[in-house]
Amino acid sequence: MDIAVPRRDAVVSICDKLCREMGNASMDIEELQTFVEVADAGGVSPAARRLGVSKSIVSRRLVRLEAELGVQLLARTTRGAALTEAGATFRDYAARVCAEIDVARETILPAGDLRGRLRIAVPLSFGPTHFAPMLAEMARRHPLLHIQACYSDRFVDLIAEGYDCAIRVGYLQDSNLIARRIGPIYGKLVASPDYIEAHGAPETPEELVAHQALMQGTEAWQLMDGDKVITVRPQGNFKADNGTALVAAAVAGLGIGYLPDCLTHEYVASGALVPIMTNHPPPPAGAYVIRPPGQHPARKIRVLTELLIECFEQAPHLWGPGR
């Protein structure tokens, strides 16, 4: 079946019409936002997860939008949904309209008022214990804001997966994303007394590579040698994508952990874990708010960032004893 492709001026006219119809303006904007999410996510199911609504709601919004436009925007397949030629043309205009509406809402709202959706990726290792209370405070201060937090230690693609921002902890890799540091994260090399008794405690980076390291993957470890940062590539049989799991492995005597103080300080205080290689500590890392590139962050991201900085400053003990 041939699909009619709207001319650019016709598409602009359609967008203007949708935004002018005050009787159902909120519904029309929701339809546009839903269409953009489906287009970017590649299907109804992932878009529904992003939006925090059911698949049936997403489907109904798409049907209404296509009926209003009189053109098919998406071709449904067993693998998801693909943009038609008309849909590909319309998607950029719809995204632009949604972005302009968000800016307009932020401009006219009272200074302390936030609304809309904030979708944020948070690390699982200590996100529920350390960052969740901060996000709850954000929700308390801004009851009209819908916060969707996803807790995972995997590397989240903010743009492809539709996140407004992410909290990341550690050492940042080069990317086109924009980062704002919200506080320091300190760490140590630790091992259990049983491991040290059985294998000894390394004292130099050269000795470290002969030991079992507890790792997330094949990462390199950075250590301080005086004022110089050196890189070590350890080896180990136990790997996990979660810091809490690595702490448990260290307590069980499986190897040496390179872990943040906020996960280990209670075990160090009880004697279940022992700091090692204290002459070669990890350099201070950081916690960051990461967002996609753009000239200016949305006000909701700016407000969240300032709140996180405030929380770090008020409760540094939550992140371990530091240096």
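Predicted model: local features only at pLDDT ≥ 70, side-chain atom pairs only at ≥ 80, totals over all residues.
If we set aside neighbours within four places in sequence, Pro193 touches Gly271, Ala272 and Val274. Pro275 is 82 residues from Pro193 in sequence, and the two C-alpha atoms are 10.0 Å apart in space.

Now the whole chain. The protein has 323 residues, 42% of them buried, with 12 helices and 13 strands. Of the contacts with a separation of 6 or more, 74% join residues 24 or more positions apart. The accessible surface is about 16800 Å², and carbon and sulfur atoms hold 53% of that.

The largest nonpolar core has 35 residues, and Phe131, Ile182, Leu304 and Leu308 have the most contacts inside it. Several elements give two or more residues to this core, among them β3 (116–122), α6 (127–141), β6 (178–185) and α12 (299–314). Which element gives the largest share? That is α12, with 7 residues.

Take Ile182 as an example. Leaving out neighbours within four places in sequence, Ile182 is in contact with Phe131, with Ala287, Tyr288 and Val289, and with Thr305, Leu308, Ile309 and Phe312. Apart from this core lies another, of 22 residues, including Val38, Ala86, Val97 and Cys98.

Conventions:
Residues numbered from 1 in each chain as written. Heavy atoms only, no water. Helix = DSSP H or I, 4+ residues; strand = E, 2+ residues; numbered from the N terminus. Buried < 20%, exposed > 50% of the residue type's maximum accessible area, 1.4 Å probe, protein only. Contact = heavy atoms within 4.5 Å. Areas by Shrake-Rupley, 256 points an atom, 1.4 Å probe, with all protein chains shown as cover. Core = buried A, V, L, I, M, F, W, Y, C linked by side-chain atoms within 4.5 Å.
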